[in-house]
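This report describes one protein chain, from its overall layout down to single residues. The sequence and the model come first.

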Amino acid sequence: MSSRVILLGATGYTGGLVLDALLRRGLDPTVAGRDRAALTALAQRSGGLDHLVVDAVDPAPLRGHLDRGDVLVTTVGPFERFGHPVAQAAAEAGAHYVDSTGEVGFVRALRARHHERARERAR
């Protein structure tokens with residue numbers, strides 16, 4: 001099984017910047033977010049990318065799409081509100097988690113809450 005890059009929040013401003021950077025590097029990420037119509041249009045404009053309709057408020061469906069070794073990139077903030085459930089979904093799956101936060105308190109709490117579980121599941 002090959003790892004995937006999943007970009008959550010792909011239809012937002014920051015998500016668009018990240019998507020452009022990934023595409024320039026020859027990657028074909030799966031775009032994810034809550035607006036089916038916007039995701040479908042974005043996926044088609046970007047060369048027919050795969051897309052997932054998921055919501056950071058309820059990351060359980062997202063967890064079902066993540067596999068060990070996948071990379072989950074999220075631009076959905078504020079991270080103190082939406083980041084922990086998404087990071088937990090990645091940790092439970094053994095997926096790598098990357099975000100665009102600048103929220104220092106969130107980063108500290110992220111490590112305290114999810115780091116050990118992520119390490120366990122990645123083995």
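## Terms and basis

Contact, or touching, means that heavy atoms lie within 4.5 Å. By that rule, and not counting residues up to four places away in sequence, Leu 72 touches Ile 6, Leu 8, Leu 62, Leu 66, Val 86, Ala 90, His 96, Tyr 97 and Val 98.

This is a predicted model, in which local features need pLDDT of at least 70 and side-chain atom pairs count only at pLDDT 80 or more, while totals for chains, interfaces and linings use all residues. Residues are numbered from 1 along each chain as its sequence is written, and side-chain values use heavy atoms, with hydrogens and water left out.

## Overall layout

The protein chain holds five helices and five strands. Helices (H or I, at least four residues) and strands (E, at least two) are DSSP runs, numbered from the N terminus. Read from that end, the order of the elements is β-α-β-α-β-α-β-α-β-α. The radius of gyration is 14 Å, close to the 14 Å that the globule rule gives for 123 residues, so the protein chain is as compact as a globular protein of that length. This radius is taken over C-alpha atoms, and the globule rule is 2.2 Å times the number of residues to the power 0.38.

Along the principal axes, the C-alpha atoms fill a box of roughly 40 × 30 × 25 Å. Of the 123 residues, 41% are buried; buried means under 20% relative accessible area, exposed over 50%, and partly exposed in between (1.4 Å probe, protein chains only). The protein chain exposes about 6,900 Å², with carbon and sulfur atoms supplying 50% of it. Accessible areas come from the Shrake-Rupley method with a 1.4 Å probe, and for residues only the protein chains shown count as cover. Among contacts between residues at least 6 apart in sequence, 59% join residues at least 24 apart.

## Nonpolar cores

A nonpolar core is a set of buried Ala, Val, Leu, Ile, Met, Phe, Trp, Tyr and Cys residues joined through side-chain atoms within 4.5 Å. The largest one has 20 residues, and those with the most contacts inside it are Leu 8, Leu 62, Leu 66, Leu 72, Val 86 and Tyr 97. Strand 1 (5-8), helix 4 (79-93) and helix 5 (104-122) are the elements that give it two or more residues. Helix 4 supplies the largest share, seven residues. A second, separate core has 11 residues, including Ala 10, Leu 19, Leu 39 and Leu 42.

Helix 4 has 15 residues and reaches 20 Å from its first C-alpha to its last, close to the 21 Å expected at 1.5 Å a residue. The expected span is 1.5 Å times one less than the number of residues. Its buried residues are Phe 79, Phe 82, Gly 83, His 84, Val 86, Ala 87, Ala 89, Ala 90, Ala 91 and Ala 93. Their cover includes strand 1, helix 3 (60-63), strand 4 (71-74), strand 5 (96-99) and helix 5. Gly 83 has 1% relative accessibility and, leaving out residues up to four places away in sequence, touches Pro 78, Tyr 97 and Phe 106.

Rings of Phe, Tyr and Trp (its six-membered ring) pair if their centres lie within 6.5 Å; planes under 30 degrees apart count as stacked, over 60 as edge-to-face and the rest as tilted. By this rule there is one aromatic pair. The rings of Phe 79 and Phe 106 have centres 5.8 Å apart and planes at 40 degrees, so the pair is tilted. Phe 79 lies in helix 4 and Phe 106 in helix 5, so the pair ties together parts that are 27 residues apart in sequence. Both Phe 79 and Phe 106 are buried.

## After helix 4

Which residue takes a positive phi just after helix 4? Gly 94 does, at about 80 degrees. Gly 94 is found in the loop between helix 4 and strand 5 and is buried, with a relative accessible area of 4%. Leaving aside neighbours within four places in sequence, Gly 94 is in contact with Asp 67, Arg 68, Gly 69, Arg 121 and Ala 122.

Thr 30 is found in strand 2 (residues 30-33) and has a relative accessible area of 4%. Its contacts, leaving aside neighbours within four places in sequence, are Arg 4, Val 5, Ile 6, Leu 7, Asp 50, His 51 and Leu 52.

Thr 74 lies in strand 4 and is buried at 2% relative accessible area. With neighbours within four places in sequence left aside, Thr 74 is in contact with Leu 8, Phe 79, Val 86, Tyr 97, Val 98, Asp 99 and Ser 100.
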